[in-house]
Amino acid sequence: MRTSASGDGFVRLPEPAEIETFWADGVVVLRGVLDPAFVLAMDPAVEMLLDQPEMADLSGLGDALAHDGQPVLADSTTTRGRFVSGVDHWRIHPEFAAFARESAVPAIVGTLLRTTKLNLWEDSVLVKEPGTRERTAWHQDLSYFHVTGRQLCTTWIPLDPTDATSGAMRFARGSHRASDVYRPNLFVSTMAIPGTEGEEVPDIDALAAAGEVEIVQYDLGPGDISVHHAGTLHAAGANTTSDRRRRAISIRYCGDDARYHFRPGAPRKAHHARVAEGDLLDGPDCPVVWRASA
Ligand SMILES: O=C(O)CCC(=O)C(=O)O
């Protein structure tokens, strides 16, 4: 049995009931699965990223869209924080590569996905500073992933205590069970990415108000993680607090049944030019980061 003393943040694997919840609800919260000190040790790496060119200022995008008369999801607050986000930090920064590949996270996620091997798809850092108005629009990660399969998920790992007032994630419980894959949107807007195909994401808040969808939201702290299925519709609130940051590392992984499947108009990565529809993910750009022991 591994322990947190091994330095990879390991505290425990998911219990069978938690694995059932993930597959039934499309989301599960795993409390105390990582050593909080291990997660907080990523603080300097996250701070270092904030002003790097690989980060996008989504508040700036929101302002530009609003200026163009496009729908932007922004709560009115008296202060002005910012929402910054980036992807694929693991490719550039050894701290993020170690976190996504060599920490206890792959074993936790691999166990949850009931897979024999786990591929890393991408990582992402998402920071909502105090007073950030922008909400994260309802979306499915699958709309942005050029993959098909069922063993696909995202784990959201907070560095700060997070609740509804500071922008906790919201999930449409059980929405992964439908086969619908909606158009990806601009993240702080319901506007679909131009050139993508299919139907736009329905108004989940309206469906929830009508009692047709159940929305779940959890308070999390360092050491807790949520894991959602790539088909699960999810969103996040504004950070309406004046003094609490909402920083998270989000890592997307794929299991045995994942294959490349290209979705017109969705953002592509450089290596996608070198792979074909139906290919296995295995390779340096989607490395195998964990295998189940025999
Ligand atoms: O942190 C957020 O606001 C959204 C994150 C998200 O949608 C994800 O990691 O899949």
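The chain holds 7 helices and 14 strands, where helices (H or I, at least four residues) and strands (E, at least two) are DSSP runs numbered from the N terminus. This is a predicted model, in which local features need pLDDT of at least 70, side-chain atom pairs count only at pLDDT 80 or more, and totals for chains, interfaces and linings use all residues. Residues are numbered from 1 along each chain as its sequence is written, and side-chain values use heavy atoms, with hydrogens and water left out. Here is a friendly tour, from the whole chain down to single residues.

**Overall shape and surface**

- For 294 residues, a compact globule would have a radius of gyration near 19 Å, and the chain agrees with its 18 Å; the radius is taken over C-alpha atoms, and the globule rule is 2.2 Å times the number of residues to the power 0.38.
- Along the principal axes, the C-alpha atoms fill a box of roughly 55 × 40 × 40 Å.
- Of the 294 residues, 53% count as buried (buried means under 20% relative accessible area, exposed over 50%, and partly exposed in between, with a 1.4 Å probe and protein chains only).
- Among contacts (heavy atoms within 4.5 Å) between residues at least 6 apart in sequence, 84% join residues at least 24 apart.
- The chain carries 28 positive and 41 negative side chains, and the centres of the two sets lie 2 Å apart. Lys and Arg count as positive and Asp and Glu as negative, while His and the chain ends are not counted; each charge is placed at NZ of Lys, CZ of Arg, CG of Asp or CD of Glu.

**Helix α1 and its surroundings**

- Helix α1 spans residues 16–25, and E18, I19, F22 and D25 are buried in it.
- Seen down the axis of α1, these buried residues fall within an arc of 155 degrees, so they line one face of the helix; the arc is that of the directions from the helix axis to the C-beta atoms.
- Exposed residues P16 and A17 sit on the face of α1 turned away from its buried side.
- Packing partners of the buried α1 residues are β1 (27–30), α6 (105–113), β7 (152–158) and β10 (225–229).
- After α1 comes G26, with a positive phi near 80 degrees.

- Most residues other than glycine have a negative phi.
- D88, which is not a glycine, has a positive phi of about 65 degrees. D88 is in the loop between β3 (83–87) and α5 (94–101) and counts as buried at 12% relative accessibility.
- R114 also is a residue other than glycine with a positive phi, near 55 degrees. R114 lies in the loop between α6 and β4 (117–128), and its 46% relative accessibility makes it partly exposed.

- P287 belongs to the loop between β13 (259–260) and β14 (288–291), and at 5% relative accessibility P287 is buried.
- Not counting residues up to four places away in sequence, P287 touches W90, R101, L118, N119 and L120.
- H234 is part of strand β11 (residues 234–236) and is buried, with a relative accessible area of 3%.
- Leaving aside neighbours within four places in sequence, H234 has contacts including A137, W138, H139, M169, F171 and H228.
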